[in-house]
Amino acid sequence: MEETELNFIRESVSLRQRVVECLRDAILYGKFAPGQKLVERDLCNMLDVSRSLLREALQQLQAEGLIVTVIHKGPSVATMSAQDAANIYQIREALEAMAAQGFANNASDVEVARLRSRLEDLKKLGESASSKDLVVTKNAFYDTLLNGCGNQVIGQVLTHLNNRATLLRRWSMSTPGRLPKMLAELELVVVAIENRDGPNAGSLCARHVRNAAAVVQEHFRLPEQTTRDVPEAPLILAGAERVRAA
């Protein structure tokens with residue numbers, strides 16, 4: 001595995017959690033490709049941490065479904081099949097439609113205004129933005145939607161799918177020409193919510209998810225060398241100081 005520095009600093013969270021976050025981002029945003037073998041020695045050198053701490057971080061990422069470990073082969077980045085993606089989108093379509101309808105019916109005027117603001121933030125980024133910025137901003141839109149929908153279970157289920165959904169969202173949003181269509185779809189959803197039209201908001205949200213699912217399925221039909229996503233700048237977390245953990 002090519003040795004590329006992954007920089008991080010000790011903040012209010014534990015060093016272990018910083019390592020988890022750094023590696024999680026490296027996987028979700030394309031620095032480490034699906035199926036790529038993760039060599040512990042190389043990762044320890046990149047992060048300047050002990051092997052015991054690294055293994056704790058890898059175990060957490062394995063629990064999140066981002067890493068798989070094969071006996072005698074070690075850890076590697078988890079892969080996702082077209083059927084896996086289809087299943088995830090099927091669940092998202094049902095739950096996010098319910099969330100949009102619930103938001104239209106239950107959210108306060110302040111929450112509705114916040115959702116509009118999140119959409120405007122997304123519009124400001126434009127197609128020249130990095131896929132990570134786009135995904136982070138869209139995740140903020142969904143966080144607002146779920147927090148105001150009046151059904152905590154929907155949020156809990158979708159949170160469990162969050163890592164894989166983020167990966168799929170990045171693939172969808174990095175597809176040429178998809179961003180303007182996505183923004184138009186979300187605009188219709190937000191307008192329906194602003195009009196307090198729950199059934200229409202749910203229907204429009206379901207259509208948005210179906211369209212994203214179709215884009216991602218095209219991703220799986222691409223030749224293997226093109227399915228590792230649009231190249232990204234090296235992942236660098238805030239600061240350059242590295243700390244060795246005993």
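Select E93 first: at 24% relative accessibility, E93 is partly exposed (20% to 50% relative accessible area, with under 20% buried and over 50% exposed; 1.4 Å probe, protein chains only). This is a predicted model, where local features need pLDDT of at least 70, side-chain atom pairs count only at pLDDT 80 or more, and totals for chains, interfaces and linings use all residues. Numbering runs from 1 along each chain as its sequence is written, and side-chain values use heavy atoms, without hydrogens and water.

R210 and E93 form a salt bridge, with the closest N and O atoms 2.8 Å apart (a side-chain nitrogen of Lys or Arg within 4 Å of a carboxyl oxygen of Asp or Glu). The pair links distant parts of the chain: R210 sits in helix α10 (residues 198-221) and E93 in helix α4, 117 residues apart. Helices here are DSSP runs (H or I, at least four residues), numbered from the N terminus.

Next, select E187 and K123. Their closest N and O atoms are 2.7 Å apart in another salt bridge. E187 lies in helix α9 (residues 178-194), K123 in helix α5 (residues 109-125).

Move to E40 and R51. This salt bridge has its closest N and O atoms 3.6 Å apart. E40 is in helix α2 (residues 40-47) and R51 in helix α3 (residues 51-63), so the pair ties together parts 11 residues apart in sequence. E40 is buried at 17% relative accessibility; R51, at 38%, is partly exposed.

Terms used. Helices (H or I, at least four residues) and strands (E, at least two) are DSSP runs, numbered from the N terminus.
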